[in-house]
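Please look at the sequence and the 3D structure shown below.

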Number of protein chains: 2
Amino acid sequence: MIKVSIIGSGNVAQHLISALSNATGVELVQAFSRKKENLTHLMDAAQIVCDLKDLQPADLYIIAVTDDAISQVSAELPFSGKLVAHTSGSLSINILDDQNRKAVFYPLQTFSKSKPVNFREIPICLESENDEDFERLENVAHAISDKVFSINSEQRRAMHVSAVFVNNFVNHLYKIGNDICTEHQIPFEILKPLIRETAQKVMTLSPLEAQTGPAKRGDKKTIAAHLELLTNANQKNIYQLLTQSIQHE
Amino acid sequence: MIKVSIIGSGNVAQHLISALSNATGVELVQAFSRKKENLTHLMDAAQIVCDLKDLQPADLYIIAVTDDAISQVSAELPFSGKLVAHTSGSLSINILDDQNRKAVFYPLQTFSKSKPVNFREIPICLESENDEDFERLENVAHAISDKVFSINSEQRRAMHVSAVFVNNFVNHLYKIGNDICTEHQIPFEILKPLIRETAQKVMTLSPLEAQTGPAKRGDKKTIAAHLELLTNANQKNIYQLLTQSIQHE
């Protein structure tokens, strides 16, 4: 039984607490939250601590707080020589304080409080300073997910940038699509099968193979007609830049 | 039994032929293809004609050819007064020749020959010159899809632009994500659950509600770090423009 405690009470912390509570081979010892009520819907109030000094011994402490707070929280931990992981996609393992053994336990997913996720499908990217600690991380990760990867800090940074493209930016293009629909009294509903199919296609084809559309075809007439229809300068800029980028790929 | 013939042998034509062959209440009379062998895997060779003059009477002729060819093909039809629809997302109903009754039968989907699609999930956008013809189109559309919409030429043009954003451009962002992964020896596999989840999220949340990430949070430090990591000028430009666009939404 590997003992794990979670430090934090945001989205990622809450999803980790849910997943670890139901995992076999892992014991969720405690969670730290400045406000107890943030977590009482997920675990026993007696297991929630509001002071880092009340943390009991565990085999792994996972710091799931905002990027800006990780460094300070790790320095405030009232123990040393323990295995401490952060969950950030963009920060190096070395942001953690030297007093403990450093690690990263990064679930690559977009979490929102309102939507349940199937953790078994979420890739978890691990990094540690030595092989023994890596094995510990692996055991915890496998207890909640089927997709566990070894990813170093430099790779993780690049992966996080990729994730911004395929998640944040993609979602923003959905938003522009929605805006254009609203402007022309078209139900956004019509686009949903296309959105699903576009994502589904790259599960089996490479994105390069899956590319279609006027930019790919070099269909200048359609491109010109589309640019004429777009009245919003920002939408126009995005249309032009992405069209050029597709044409040069 | 509504009699339908398909003119064309490309992606859209082939998917329509498959769907209509299996539909109830619809009889697929013939298909026109310059080369018979393009369609022999889908239908009886006797039903495939290579000369428009061999087209038999039908209640609806669907022209599923490239945008550039629609006008000419519709002018070459050796009959008049019949119901003739094109399948283009970007062209007006008026591109069709005046000799027949004009209509549009536009399935909004990305078709690739290599991937089967579930036509019942595909929205079909209809337009006609009068109510009686609209009812005919509706009957054919409902025979193959559960999602049938009345969309006029102006709306369809706007919808097609939306579709470019949520399909072509989204796929291109997947491609950039893939490129960044390759450059850093990260399996693209890791990003796939995120891609699926990002699409899934907007099935129930609006894209504005679903937006997350450094641009949304105004996290300048992460944005600067990402821009530093990107070495490709084109990727950098896209990152900057989409980040600005999210921040101004």
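In this predicted model, chain A can be laid on chain B with an RMSD of 0.0 Å by a turn of 180 degrees and a shift of 0.0 Å along the axis, where the copies are superposed by least squares on the C-alpha atoms of residues with pLDDT of at least 70 in both. Residues are numbered from 1 along each chain as its sequence is written, while chains are lettered from A and ligands numbered from 1 in the order in which they are written. Because this is a predicted model, local features need pLDDT of at least 70 and side-chain atom pairs count only at pLDDT 80 or more, whereas totals for chains, interfaces and linings use all residues.

**Confidence**

- Chain A averages a pLDDT of 95, and 98% of the residues score at least 70; pLDDT is the predictor's confidence in each residue, from 0 to 100.
- The model scores ipTM 0.81 and pTM 0.80.

**The contact between the chains**

- The contact takes 73 residues from chain A and 73 residues from chain B, with two residues in contact if their C-beta atoms, placed from the backbone, lie within 7 Å.
- On the side of chain A that touches chain B, the largest share, 24 residues, comes from α4(A).
- By class, that side of chain A has 40 nonpolar, 23 polar and 10 charged residues; Ala, Val, Leu, Ile, Met, Phe, Trp, Tyr, Cys and Pro count as nonpolar, Asp, Glu, Lys and Arg as charged, and the others, Gly among them, as polar.
- Of the interface residues of chain A, 100% are also interface residues in chain B, so the copies meet through the same surface.

**The sheets**

- In chain A, eight strands form an open sheet with mixed pairing, in the order β3-β2-β1-β4-β5-β6-β7-β8; helices (H or I, at least four residues) and strands (E, at least two) are DSSP runs, numbered from the N terminus, and two strands pair if DSSP finds at least two bridges between them.
- The edge strands of chain A are β3 (48–49) and β8 (148–150), each of which pairs on one side only.
- Strands β1 (residues 2–7) and β2 (residues 26–32) of chain A pair in the parallel sense over five bridges, and K3(A) stands opposite E27(A) in β2(A).
- In chain B, strands β4 (residues 60–63) and β5 (residues 83–86) pair in the parallel sense over three bridges, and the bridge partner of I63(B) in β5(B) is H86(B).

**The helices**

- Helix α3 (residues 131–144) of chain A lies across β1, β2, β4, β5, β6 (101–107), β7 (124–128) and β8 of chain A, running at about 165 degrees to β7(A); axes are lines fitted to C-alpha atoms, for helices over the stretch in contact, and angles run from 0 to 180 degrees between N-to-C directions.
- Helix α1 (residues 11–21) of chain A is mostly covered, with eight of its 11 residues buried, and a residue is buried if 20 or more other C-beta atoms lie within 10 Å of its own, exposed if 12 or fewer, and partly exposed in between, with C-beta atoms placed from the backbone.
- The buried residues of α1(A) include V12(A), L16(A) and L20(A), and what covers them includes β1, β2, β4, β6 and α3 of chain A.
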